[in-house]
Amino acid sequence: MSLLSVAGITKRFGGVTANRDVTFDVARGELVGIIGPNGSGKSTLFEIISGFYRPDAGEVRLDGGPLTGLSPDRVCRLGVARTFQKLRPFAGLTVVDNVMVGALTRTRDVRHARSRARELLDRVGLGEKADAHARTLSTGQRKRLELARALATEPRVLLLDEVTGGVDQRSIPGLVQLVRDLHRGGLTLLVIEHNMRVITAVAPRIVALYLGEKIADGTPDAVTRDPRVVDAYLGQAYTR
Amino acid sequence: MRSTWPAVTFFAAAALGPIVVRDAFLLDGLILILLWGATAASWNVAGGYAGQVSLGHAAFFGLGAYSAALLGTRWAVSPWIGLLVGAGLATGFGFILGFLSNRLRGPYFVLATIAFSQVLLIVASRWRGFTSGSEGIPVPFRPGFWTLGIADKRAWVYLVLVLAALLYLVQLYLERSRRGYQLAAVREDEDAALSLGVPARRLKVAAIAASAALTAACGTLWAQYVGFVDPYYVFSVDLSVRFCLAAILGGIGTPLGPFLGAALITILETSLRARFGGIGAGLVGIYLIIYGVVLIVTMRFAPQGLLPWIAEHRRRRAPLGTTA
């Protein structure tokens, strides 16, 4: 039984179709990577799953229950958390307060939320920065903060938008390891990633989008060899 | 987490005021500081904690002032009932404004709040049959606590002190509770807050409605203390700015800041007016110029407000003190 099911999602912005009839299922505990060149509709799909956009057609279901049409905060409380491609920390709050906001979605007890937030910060390797203001963090640290914040809402499915995007090379392995650990811990993940080396190493299954449509779905090997994927990334000249 | 001892000192000093001071002028100043502080604190609930800056809060203040004054003069209803009616009306209008805040952001919301207070001004000044129009309403003086006919200024100090302390506690709640953390998240980044399960829209509306009701309660007490309600004063943009200014000056989004800002503004205004008011026809407005300059200088050196500025300077000095 799939935990998250995306069925026939279509989304148009004026004359541009950002998603066209996108369908795939994510099983419990699975890690699925989403790839595609710029403008292929990956982020739009995330916005739809997390409730920020309403699709023109199609449906998203979590464990059989419909998510489409619900507000983002409801979607989160039902168990789908996300990070943002363009990072959005609460800059004026401390790092631990940032994470507490997530934790307070699951507990009413502020003290419990604080200890939970500190645990998570230790887990993502930001324990020492807990009392710093979020605006003082580096990009890599902000990625970790967003991860901790999303995890604090105790998601059943976690959507990660560009974990390694904009991060310096040295910080990438640590972040990748974090995602791996979450997957090993049994969390279901949907990961958008530009870095092909990263995504093929992390995701046992990859969905490829191009111009809003799903063009491939399978193992990293199969997807990266798929002529349509090669075509989408490199252009017609390279396909024989 | 900020410590509460400065607030305890502030309120204790205010409580000692009537015991130490007998001078009616000084007691009057103390009452006004506490009242304006409480009103600025009410504004702070929406403007500071929820990040919904309003320049129309005089509307709620006026609703509170008028509700009690009208019910008192026309039907001899107790101002306490008037206070509740005013707060109820303000809550209703606060909800409407709150829903607007979900549609309008930034300057558009601010403009909507100003327009809102102007509409109430027009209603109050034109509906002569009911509100007495631009003449305003004298609040009847009927001795007793239930009718708020209190001649003793010392009693008024304690009455508004209770109000001020209550508002301080409301703000403390907004700083330390679950809802407070969630509201801070909404203020910082509404979409990020939504993505973490925070019911951002509902919280914003609730904060604005609560802020409106509290402001109305302050308006009622103010009108009962001063004894007269003038539509051009209670619904003026000047007054709205004053609430906002006190909070910003003292430290927006801090529980003690509005009281500190109100104290500064009230003392500055009263003393400057007393000092320079009678200086001669050519210099009648000079106190306003000095007042403006002081505000500009303060914001230049403490843009976050006085309270955060003081806290920062103490922190910088602290390591020296401990190693000595």
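Helix α2 (residues 24-49) of chain B packs against helix α7 (residues 153-176) of chain B at an angle of about 20°, and their axes lie 9 Å apart. The model is predicted. Angles under 35 degrees count as roughly parallel, and α2(B) and α7(B) are therefore roughly parallel to each other. The crossing of α2(B) and α7(B) is left-handed. By class, the contact of α2(B) with α7(B) has 20 nonpolar, four polar and three charged residues.

Chain A also touches chain B. The contact takes 22 residues from chain A and 19 residues from chain B. On the side of chain A that touches chain B, α2 (72-78) and α3 (95-103) of chain A each supply at least two residues. By class, that side of chain A has 10 nonpolar, five polar and seven charged residues.

The table sets out the classes for the two contact sets.

Strand β1 (residues 2-13) of chain A and strand β2 (residues 16-27) of chain A run antiparallel, joined by eight bridges. Within this pair, K11(A) stands opposite N19(A) in β2(A). β1(A) and β2(A) form a hairpin, with two residues between the strands. In the turn, G14(A) has a positive phi of about 60°.

Notes: Residues are numbered from 1 along each chain as its sequence is written. Chains are lettered from A and ligands numbered from 1 in the order in which they are written. This is a predicted model: local features need pLDDT of at least 70, side-chain atom pairs count only at pLDDT 80 or more; totals for chains, interfaces and linings use all residues. Two strands pair if DSSP finds at least two bridges between them. Helices (H or I, at least four residues) and strands (E, at least two) are DSSP runs, numbered from the N terminus. Two residues are in contact if their C-beta atoms, placed from the backbone, lie within 7 Å. Ala, Val, Leu, Ile, Met, Phe, Trp, Tyr, Cys and Pro count as nonpolar, Asp, Glu, Lys and Arg as charged, and the others, Gly among them, as polar. Axes are lines fitted to C-alpha atoms, for helices over the stretch in contact, and angles run from 0 to 180 degrees between N-to-C directions. Angles under 35 degrees count as roughly parallel, over 145 as roughly antiparallel, 65 to 115 as roughly perpendicular and the rest as oblique. A crossing is left-handed if the near helix is turned anticlockwise from the far one by less than a right angle, and right-handed if clockwise.
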